[in-house]
Structures are given as C-alpha cells and as structure tokens.
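Here is a short report on a predicted model. Please read it alongside the sequence and coordinates.

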Amino acid sequence: MNTDTIRTIVGIIGNVISFCLFLSPMPTFIKIWKAKTVMQFKPDPYVVTALNCAVWVFYGMPFVHPDSLLVVTINGIGLFIEFSYIIVFFIYSDGPKRKKISIFLGVEIILFAILVFVTLTFLHGTKNRSMLVGILAVIMNVAMYASPLTVMRRVISTKSVKFMPFYLSLANFCNGGIWFAYAFLKFDPYILIPNGLGTLSGAIQLILYAKYYKTTNWDDEGKPNEIELQRNADTV
C-alpha cells in the first residue's frame, strides 16, 4: 500500500470524525428550537467556524492547493452545517442579535471576497497561493484554540470537569491526531501546524479530565454556554 492510498484512507477517517464534531452542537439547537429562544447561547462560534470552513474550502481548490479533495469535502459539509446553525440562531434571536449576526456575516463575506480576489489576481502558481491562504487558515485555527483554553482554566480553578465533556475532548484529540497524520504523510505545514496544536490541546483536556474527575460535583448547575466554549473548529 503506497503513501497516497494510506493518506486517502486517513483523510476519509478524518472526514468522518470531523463530520461528527460538526454535528456535536445539535442538542443545543434542538433545545433552542423547542424553547423558541436562543437563551444564553451565543452565535459567535458558528459564525467564526463558517468563515474558517470557507477559507479551508478555498485552500483545497486545485488552483490553490492541488490534491486536497478531502479537505474540500469535509469543510464544504461543515460550511453548510454551520450556516444551518446560524439560520436557526437568526430565526430565534431578537432584533439586536439579528443585527449583530448580519453585520458579522457581511464582514466575513467582504473579507473572504478580498482574499479570493487578491489570491487569484496577484498571486500566480499554487505555491504562492497556498502559502497566503494556508497562513491565514493557520492563524484562524490557532486563534480558535483560545476557546478550549477558557474551559481548561475553569477546570483547573474549580477542580471540576463538568463543563468539559469527555467525549468531545476525546473527539477533538482524535480529530487533531488524524489530520496531523494526514498532513504528515504528504507534508503540508498549513494542515500540520494547527492540528498538531489541536492534538496537544485535546491531550491536555483528557489529562485534566483524568485528574479532576473525582473532585467534580455533578449536581452543580452552570451556564449552558460554558459547554459551547469547549467546541472548536479544529476540523482540519
């Protein structure tokens, strides 16, 4: 079995894991749909993740970075899912929140359009194009890892893992690891770096879970959006 075949198999496994991660907020949106209100939940993670997916889809285009079909497929699916979440959020939000969502989406569309225009107009060759788009994608992914850090800090300060779901932490670890392997098999630093950090982040979360599980008071109530902070976009 050659390297390309192994890489394809690893990428397919990565698609499956990432797809499950994209679906992980589904219980939240079922709760919103039943309550007919967004409660304390915030749209920010979904709006940011949508832009992140769009950038990775663009990165995987043949005229930007060839041989990246599996990157395009999962992020294309992710983009559709995130927009579905945003639509639900928009429907059940009040006026000010709808305005905020609209402004954020408008800014994202403008920024993405500028990226596409600059890349295709001023950069020639896939090496230069993949470098610009890849660097921006890496910066976005690394910035999004700030969310789990917030939860990890809470775990350490409270000695409680109640707001750091085990299976989500495990999925994040596996997802980062599988895409790290995918990027390593046919060296791609722009996928390797953020997913290496994602693997490290997931590993630390699992270590914290093992350390503080016994000291957790599972009867305490907390804010629902704390769990949302744990979800991140380390899908690719």
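Which residues form one aromatic cluster? Phe29, Tyr46, Tyr85 and Phe89 do. Rings of Phe, Tyr and Trp (its six-membered ring) pair if their centres lie within 6.5 Å; planes under 30 degrees apart are stacked, over 60 edge-to-face, and the rest tilted.

The model is predicted, so local features need pLDDT of at least 70 and side-chain atom pairs pLDDT 80 or more, while totals for chains, interfaces and linings use all residues. Residues are numbered from 1 along each chain as its sequence is written, and side-chain values use heavy atoms, without hydrogens and water.

**Aromatic contacts**

The count of aromatic pairs is 15. Two of them are tabulated here.

| Pair | Centre to centre | Angle between planes | Class |
|---|---|---|---|
| Phenylalanine 29 and tyrosine 46 | 5.0 Å | 75° | edge-to-face |
| Tyrosine 46 and phenylalanine 89 | 6.1 Å | 40° | tilted |

Tyrosine 46 lies in helix H3 and phenylalanine 89 in helix H4 (residues 69-91), so their pair ties together parts 43 residues apart in sequence. Phenylalanine 29, in helix H2, and tyrosine 46, in H3, are 17 residues apart. Helices here are DSSP runs (H or I, at least four residues), and strands are E runs of at least two, numbered from the N terminus. Phenylalanine 29 counts as buried at 5% relative accessibility. Tyrosine 46 has 1% and is buried too. Buried means under 20% relative accessible area, exposed over 50%, and partly exposed in between (1.4 Å probe, protein chains only).

In H2 (residues 26-35), Thr28, Phe29 and Ile32 are buried. They cover an arc of only 90° around the axis, so they sit on the same side of H2. The arc is taken from the directions from the helix axis to the C-beta atoms. Exposed Pro27 and Lys34 are on the face turned away from that buried side. Just after H2, lysine 36 has a positive phi of about 60°.

H3 (residues 44-59) has 13 of its 16 residues buried, so the rest of the structure largely encloses H3.

**Cysteines and charges**

How many disulfides are there? The count is zero, with a disulfide taken as a pair of cysteine sulfur atoms within 2.5 Å. For cysteine 20, the nearest cysteine sulfur is that of cysteine 174, 11 Å away. For cysteine 53, the nearest is that of cysteine 20, at 15 Å. Cysteine 53 is buried, with a relative accessible area of 0%.

The charged end of arginine 7 sits over the ring of tyrosine 182, 4.1 Å from its centre. This requires NZ of Lys or CZ of Arg within 6 Å of the ring centre and within 35 degrees of the ring normal.
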